Amino acid sequence: MPNIDEQIKEIQTNIDENLRLLREIRRSQISNLPLKKLDKLIKTFTSLKQPKILIAAPMSAGKSTLINSLLASKIVPASQEACTSAIMRLFNSQDKKDVEAFDEDNNCIASGSVSIDELTTMNELSEAVRIDASLPIPFAGDAPVTVIDTPGPNNALNKAHQNVLFEFLDHHQAELTLFIMNGTQLGTDSEKQLLDRIIETQPNVVFVINKMDEFRTNEDITNVLENVREYLENQFSIQNPRIFPVSAQFALDLQLYIKNREIVMDDWGELTFSDHSKQELMSSYSRNELTKIQNTLTIANNFMLNEDLHLNQYAPVAVNNSFDEYYERLMAYSGVTGLIEFLNEFIKNNYLNEIRQQDKDLFDLIRFVLEEIFKILDNSLDNSSEEKLKKHIRNDFKAIDQGQSEWRKHRVENLYQYFKTHYPKNESSSHYLMWGNRNNESFRYVSVLELIYEYREVELRRNKNAVIY
């Protein structure tokens, strides 16, 4: 079986090819075609639904830190830095990084390039109700994923947060919701109120328990996770909840300060930087920055040496921890790698199902349209000379259906000979062959014949490669 990436790529190719065929049919000038309907359908098929991941949490759960760790960069401002009631939508884009803020009338009130400073400034705009940012989302690959960051509902400085959040939840559903909980402050009233609303409105919820590095023993960590499980089952009737324990701050610090450094283990079994990395650090960073880097390395040693802090072992999915690089191993220990792997597979499968359905719907539509065109052809070819062309076409179809490889060559020769015989030389041009006699409806379909043949060829290829379905 092809892997998910290969299947997505192949189906996207099919969709692009079929959309091209549909647009060519739209331009064919065949009468009796429902042009307005075709325009509407083309627009529908070119606006593929984007899988959405909603992220919600009460204040101080570390939601912004987790999002930044998933983005592998400090982009989203923390709630303490920006008190606003704006919904933030992050669109996966590999080729641009820009951001816009909108007011309640959907007017763009600010725009710029994606950065922590730019998003913080926009978050401080009192009239901003929505912020849209396009940037690479590493765990999404090439899938057109949208991550939705929501304001905390229990911000004492602005009660509008809760109103905006609950209004949004009531009218929007995401394919997946990540509910972030503070492992050190479980079961608060604000958490219960928000979780009640999410369970009521969102169909698929996963629970991320943050700040698990505050607990140092296997017993403590296991007890916290068991308490969360019982809390969700008893208070909200959620059976077998999916729970991911993480340390988002540690994961983010790893990515900010250690990711591009060469880490080695010294003679005493502790992690340190290679001599080359030490020289680069000393020459490139201020004393304050070096302190942050060293603090991150100290915490990394705690995670490395304390097996109870290997949070990947508590995840509901299997996570590889036998990485060659210490950085990758530490990311697994932070628990964030397991969450990323889960998100990656969820998105791929969800997106794969979406484009499979779109591909099928589009293919069925083209089949129907071309069958209708062929009915027009059957009704139009009613004299002896046209019957000869009709016979050539029928023979071509038989050749295609039998999988004969030379069908295209014979079809082109047949059409060319027919037009050369029955029409003046100046009319047997490639343009004429493409469009036919514009004054004779019988030949308007000629421009679509190429599409019919291409469709049949695609259909045969798809049947041979049906394993992806």
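Student: By about how many helical turns are glutamate 226 and arginine 229 separated in helix H7?

Tutor: About one helical turn separates glutamate 226 from arginine 229, because the two are three residues apart in helix H7 (residues 218–236). Helices (H or I, at least four residues) and strands (E, at least two) are DSSP runs, numbered from the N terminus. Bear in mind that this is a predicted model, in which local features need pLDDT of at least 70 and side-chain atom pairs count only at pLDDT 80 or more, while totals for chains, interfaces and linings use all residues. Residues are numbered from 1 along each chain as its sequence is written, and side-chain values use heavy atoms, with hydrogens and water left out.

The side chains of glutamate 226 and arginine 229 form a salt bridge at 3.4 Å, N to O; the term stands for a side-chain nitrogen of Lys or Arg within 4 Å of a carboxyl oxygen of Asp or Glu. Glutamate 226 has a relative accessible area of 34% and is partly exposed, and arginine 229, at 28%, is partly exposed as well.

Aspartate 132 has a relative accessibility of 11% and counts as buried, whereas arginine 89, at 26%, counts as partly exposed; buried means under 20% relative accessible area, exposed over 50%, and partly exposed in between (1.4 Å probe, protein chains only).

The two strands are also joined directly, since S2 and S5 run parallel and share six bridges; strands pair if DSSP finds at least two bridges between them. In this pairing, leucine 90 has alanine 133 of S5 as its bridge partner. S2 also pairs in the antiparallel sense with strand S6 (residues 146–149), over four bridges, and there methionine 88 is partnered by aspartate 149 of S6. S2 is mostly covered, with five of its six residues buried.

Across the whole structure, a search finds seven salt bridges. Another of them brings together the side chains of glutamate 175 and lysine 52, at 3.9 Å, N to O. Glutamate 175 lies in the loop between helix H5 (160–171) and strand S7 (176–182), and lysine 52 lies in strand S1 (residues 52–56), so the pair ties together parts that are 123 residues apart in sequence. Glutamate 175 is buried, with a relative accessible area of 14%, while lysine 52, at 22% relative accessibility, counts as partly exposed.

As for confidence, the chain averages a pLDDT of 79, and 72% of the residues score at least 70; pLDDT is the predictor's confidence in each residue, from 0 to 100. Over residues 403–409 the pLDDT stays under 50, and the model has nine contacts beyond four places in sequence for this stretch, a contact being heavy atoms within 4.5 Å. The pLDDT is also below 50 over residues 423–447, a stretch with 49 contacts in the model beyond near neighbours in sequence. Where pLDDT is low, the predicted coordinates should not be read in detail.
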